[in-house]
Amino acid sequence: VRVAPDQVERVGVVGAGVIGGAWAAHFLRMGLDVSLYEPSSVAREGALELLDAAWPTLERLGLREGASRERLRFPETLEETVADAQVVQEATPERLESKQEVFRLLDAAAPADVLLLSSTSGLRMTDIQARCAHPERTVVGHPFNPPYLLPLVEIVGGERTDPAAVDWAVAFYAAYGKEPVKLDVEIPSFIASRLQEALAREMLHMVAEGEATVEQIDAAVVNGPGLRWAILGPGLSFHLAGGQGGMAHCLDWWGPLLDEPWSRLAAPELTPELRQRLIDGCEREAAGRSVDELAAERDACLVALLEARDRCRDAR
Ligand SMILES: NC(=O)c1ccc[n+]([C@@H]2O[C@H](COP(=O)([O-])OP(=O)(O)OC[C@H]3O[C@@H](n4cnc5c(N)ncnc54)[C@H](O)[C@@H]3O)[C@@H](O)[C@H]2O)c1
């Protein structure tokens with residue numbers, strides 16, 4: 001019987017590179033036992049160094065009851081690592097062939113009710129789970145670097161994943177300090193990286209054409225939309241740009257301009273359905289808050305962010 005997602009005590013982490021080491025730090029902070037499997041002694045050392053560097057920050061953010069660095073161990077085999085783990089977070093190199101093999105081994109070693117979560121940045125779980133006898137418990141849990149600080153985890157199953165396992169993963173991450181986003185569709189690279197990629201490709205075009213330098217692009221993002229995106233995503237940003245009329249009004253003037261050469265990315269047709277989906281999404285997210293209330297929240301958070309940024313810059 002699968003443990004309740006908020007009652008986990010023992011986690012297995014597989015791979016102790018940049019991401020696995022950081023997952024271990026996060027789960028230790030959450031007061032869990034962590035078994036970290038890593039064949040390379042250099043990488044094991046690296047994970048300990050990462051933990052040394054991150055721990056004061058994690059202490060400052062607040063440790064869960066019982067949290068201790070002493071609860072980390074490095075088992076010698078994968079089998080030993082997953083033997084008593086109640087959930088496994090995989091963080092091995094991003095190659096489909098080797099992920100499939102790691103998942104085949106994990107699947108063979110871990111009891112069938114233990115979830116196997118992959119940190120993959122963009123591979124499909126449908127492909128990763130191909131060689132598993134129990135693919136129903138395999139789920140993507142894609143973190144953002146560094147996972148001990150950034151709350152986002154994108155969650156999606158493959159074709160043979162049990163939807164109940166996906167829901168368990170959502171509840172597990174939420175119970176242990178994360179802000180999970182469950183995807184409805186298994187799209188390559190998930191949500192956040194696709195958005196980053198769109199922006200990055202426009203950067204490549206602008207630099208290639210001599211339209212903007214890297215410095216100009218970075219300054220434009222960091223001092224403008226980047227700050228705001230920490231508070232309002234691109235959806236609610238447009239909702240507020242529409243004034244009292246919100247997203248609906250915004251689309252009235254923005255819609256007809258979608259053919260303008262403001263980005264190399266082609267715009268989809270703004271059908272009535274798409275329009276309504278955008279408006280409904282903003283209304284759901286606003287959850288009854290007026291545009292004025294949202295703007296006041298935005299401003300208060302922006303002031304706090306700007307002050308925090310100034311403090312960090314002054315400390316340099
Ligand atoms: N680096 C990022 O910013 C980032 C962000 C989100 C997700 N990811 C994903 O996380 C995963 C890990 O990425 P990373 O950046 O930590 O890579 P990394 O190369 O830093 O670490 C991978 C580690 O896995 C170890 N390893 C290799 N084969 C193994 C095996 N069979 N069993 C156990 N360990 C094994 C390697 O020795 C290495 O230490 C990838 O799927 C990557 O796409 C990376």
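The ligand sits in the second largest pocket of this predicted model. A pocket here is an open set of points on a 1 Å grid over the protein atoms alone, where a 1.4 Å probe fits, with protein on both sides within 12 Å along at least five of seven lines. Sitting in a pocket requires more than half of the molecule's atoms within 2 Å of its grid points.

**Ligand shell**
- The ligand is surrounded by 22 residues, each with a heavy atom within 4 Å.
- The closest are I19, E38, E94, K99 and S121.
- By class, the shell has 10 nonpolar, 9 polar (Gly among them by convention) and 3 charged residues.

**Polar contacts (N or O pairs within 3.5 Å)**
- A side-chain N or O atom of E38 lies 2.6 Å from a ligand oxygen.
- Alone, the ligand exposes 830 Å², of which the protein buries 72% (Shrake-Rupley, 1.4 Å probe).

**Sheet**
- Eight strands (DSSP E runs of at least two residues) form an open, mixed sheet in the order β3-β2-β1-β4-β5-β6-β7-β8.
- β3 (72-73) and β8 (179-182) are the edges; each has a single partner strand, so one side of each lacks a neighbour in the sheet.
- β1 (10-14) and β2 (33-37) pair in parallel over 5 bridges; pairing takes at least two DSSP bridges.
- G12 has S35 in β2 as its bridge partner.

**Basis**
- Residues are numbered from 1 along each chain as its sequence is written, and side-chain values use heavy atoms, without hydrogens or water.
- Local features need pLDDT of at least 70 and side-chain atom pairs 80 or more, while totals for chains, interfaces and linings use all residues.

Note on methods:
Polar contact = N/O pair within 3.5 Å; in protein donor to acceptor, adjacent residues only side chain to side chain. 1 Å grid on protein atoms, 1.4 Å probe; cavity = no way out; pocket = protein on both sides within 12 Å on 5 of 7 lines; lining within 4 Å. Helix = DSSP H or I, 4+ residues; strand = E, 2+ residues; numbered from the N terminus.
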